[in-house]
Amino acid sequence: MNGTNWIIFFIVIQFLHGLATWKLYVKADRKAWEAFVPVYNAVILMKIINRPWWWTILLFLPIVNLILFPVIWVEIARSFGKNSATDTFLAIFTLGFYSFYLNYVAKDIQHIKDRDLHPRTEFGDWVSSILFAVIAATIVHTYIIQPFVIPTSSLEKTLLIGDFLLVSKVHYGPRTPGTTVAVPMVHDAIPGTTTPSYLKKPQLPMFRLPAFETIKNNDIVVFNWPVDTLVDINNPYGEVRYKPVDKKTNYVKRCVGIPGDTLSIKDGYVYINGKKNQLPDRAKPQYFYLVETKNPLSQSFIDQYKLTEWGQVKSISTKQWNNEKVQNVIRTNNIALDVVKQDSIKTIVLGSVDEKLMKIIGMDYDRNALYANLTDELAKTMRTDPSVINVKKDISTSTTEQLFPKSPDYTWNRDFFGPIYIPEAGQTVKLNLETLPLYKRIITAYEGNTLKVNGNQIIINGKVTDSYTFTQDYYWMMGDNRHNSQDARMWGFVPFNHVVGKPVFIWMSWDTNGEGINKIRWDRVFTTVGGSGKPVSYLIPFLVVLGAIIAFNKFRKRKKAA
């Protein structure tokens, strides 16, 4: 719905409320007209049902209001002596229309000014406690801080798979939800299913509350994946469906480019406005390297260098590799192989091949080489190892990787990309058939314009133009795991209205490969995400303070009892 439709909807709801309750307002010694005045009627209603005025604010918070409305309907009935289970059932399951019965049909009802607000049964007390706990948790989750789990190795070395984060919404400004009807504190699907946890319509216009800071270069940011349409994020080739912005999958990356920057990638390194990007000391970018050794590889070598992402490579004689019959077998069986090294004698490849086919074409596992994800520092250390022959970074020279903007005019790859201008709100770029692919999605999907191309003419909203002015800021998000990250190089810019928040704290870290008590990475528990130097765990100080509080409370209770 657009803004006009929402205003009409709001007025209709207010009118219905007035029709359903004006006699009840009179019975509570208020004026009949007060039931019809938007917002003011809610403040007066809170006085009638003997609840605090600030509940009015909660009525206008999406998701929270869905929980509070049934409470209000029940409270109206109870404020006029309707306390039975039947009254409660009717108030809720008629969606508040029970008030029409109370207003026009019910006989001899009186307003109870100073009624007891405490639930009359233990079950009622339990339900009341649960409801208000959910309301409080929903407010915190939506507007203040949200839990998040690291699912991939995109920021490996900085954030690990199994890190449990707290993401601050207040740093970059909390967003008001666009989705009005959803299960509280559940993202895009009901847990354990692929069933949406929300209704697509109606949608509210989203806006952002004031922020404490702006996004800076190299900040780690949680955002809604702009191109997400997947029903199951773990199945990239599965069913798709439309998702509202605030229900798209949450991603976490490093913001290497901010609005107004010009970004490029050379030899795998990011350059901002012509200067090599200087990452904070906790950031440890990784790249895939081919590592060759004098002796056959062993587990002790893997453990020595603490390799977490590595794979075996295969080798074949270069003469055999260049044989047309071998190449025909590879093509016929749709085998995707990447050559990572080749000389006149041997060709080393990476990819999945059935062992029977390997024997047919004369290919074998290379016992003296592996393909590993390394930091530059670790690669430098390996080169000093006498048992290592060669450590070579796998820099892409491909022109067919089909990265953003997925246009035949752009043959960029993961290691050589750009330059590309990152849009800033209010700034204008020249548009032509060459630059249009870079900003087409922004113009249409993110900023809601119509776009047509007629020959050499670019037509936006029915008007021929050769420029475009952006209405919001955009960001360039990348993983530190530069050769194994689904990031902006694949899908482009992240609009500011997709930004969720800033990760600030790791409260738990779980290693699925650990054993026993070592499944918990104790050195990462209660550590900060930002900052410089080695992360410091605040778990022990926290436990000391917690113990002191518990001991003090026990001491105070004993003292009172004495």
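Here are some numbered notes on this predicted model, starting with how to read it.

1. **Ground rules.** Residues are numbered from 1 along each chain as its sequence is written, and because this is a predicted model, local features need pLDDT of at least 70, side-chain atom pairs count only at pLDDT 80 or more, and totals for chains, interfaces and linings use all residues. Side-chain values use heavy atoms, with hydrogens and water left out.

2. **The annotated site.** Which residues does UniProt mark as "active site"? An unreviewed UniProt entry puts that feature at Ser154 and Lys253. These two are spread over 100 residues of sequence, yet they cluster in space, with a largest C-alpha distance of 7.3 Å. A word of care: UniProt positions are given in the numbering used here, feature names are shortened, and annotations may be inferred rather than shown by experiment.

3. **Ser154.** Look for Ser154 in the loop between strand 1 (145-149) and strand 2 (163-168). Helices and strands are DSSP runs, numbered from the N terminus (helices: H or I, at least four residues; strands: E, at least two). Is Ser154 buried or exposed? It is buried, with a relative accessible area of 3%. The cut-offs are under 20% relative accessible area for buried, over 50% for exposed and partly exposed in between, using a 1.4 Å probe and protein chains only. Leaving out residues up to four places away in sequence, Ser154 touches Val252, Lys253, Gly479, Asp480, Asn481, Asn484 and Ser485; contact here means heavy atoms within 4.5 Å.

4. **Lys253.** Beyond residues up to four places away in sequence, Lys253 touches a list of residues including Ser154, Asp219, Phe223, Met478 and Ser485. With Ser485, there is a polar contact between the two side chains (3.3 Å). A polar contact is a pair of N or O atoms within 3.5 Å; within protein, one must be able to donate a hydrogen and the other to accept it, and residues adjacent in sequence count only if both atoms are side-chain atoms.

5. **The annotated domain.** The unreviewed UniProt entry places "domain: Peptidase S26" at residues 125-287 and 471-508. In the model, the span 471-508 is 11% helix and 45% strand, and its end C-alpha atoms lie 39 Å apart.

6. **Aromatic pairs.** How many aromatic pairs does the structure hold? The count is 33. Rings of Phe, Tyr and Trp (its six-membered ring) pair if their centres lie within 6.5 Å; planes under 30 degrees apart count as stacked, over 60 as edge-to-face and the rest as tilted. Take Tyr251 and Trp491: their ring centres are 6.4 Å apart and their planes are at 70°, so this pair is edge-to-face. Tyr251 belongs to strand 4 and Trp491 to helix 14 (residues 488-491), so the pair ties together parts that are 240 residues apart in sequence. Both ends are tucked away: Tyr251 is buried at a relative accessible area of 15%, and Trp491 is buried at 6%.

7. **Asp188.** This residue is in the loop between strand 2 and strand 3 (219-224). Asp188 is buried, with a relative accessible area of 15%. Its side chain makes a polar contact with the side chain of Lys243 (2.9 Å). Apart from neighbours within four places in sequence, the contacts of Asp188 include Thr195, Tyr198, Arg241 and Lys247.

8. In helix 5 (residues 85-93), Asp87, Thr88 and Ala91 are buried. They cover an arc of only 100° around the axis, which puts them on the same side of helix 5; the arc is that of the directions from the helix axis to the C-beta atoms. Ala85, Thr86 and Phe93 are exposed on the other side of helix 5. Helix 4 (64-79) and helix 6 (98-104) are among what covers the buried residues.
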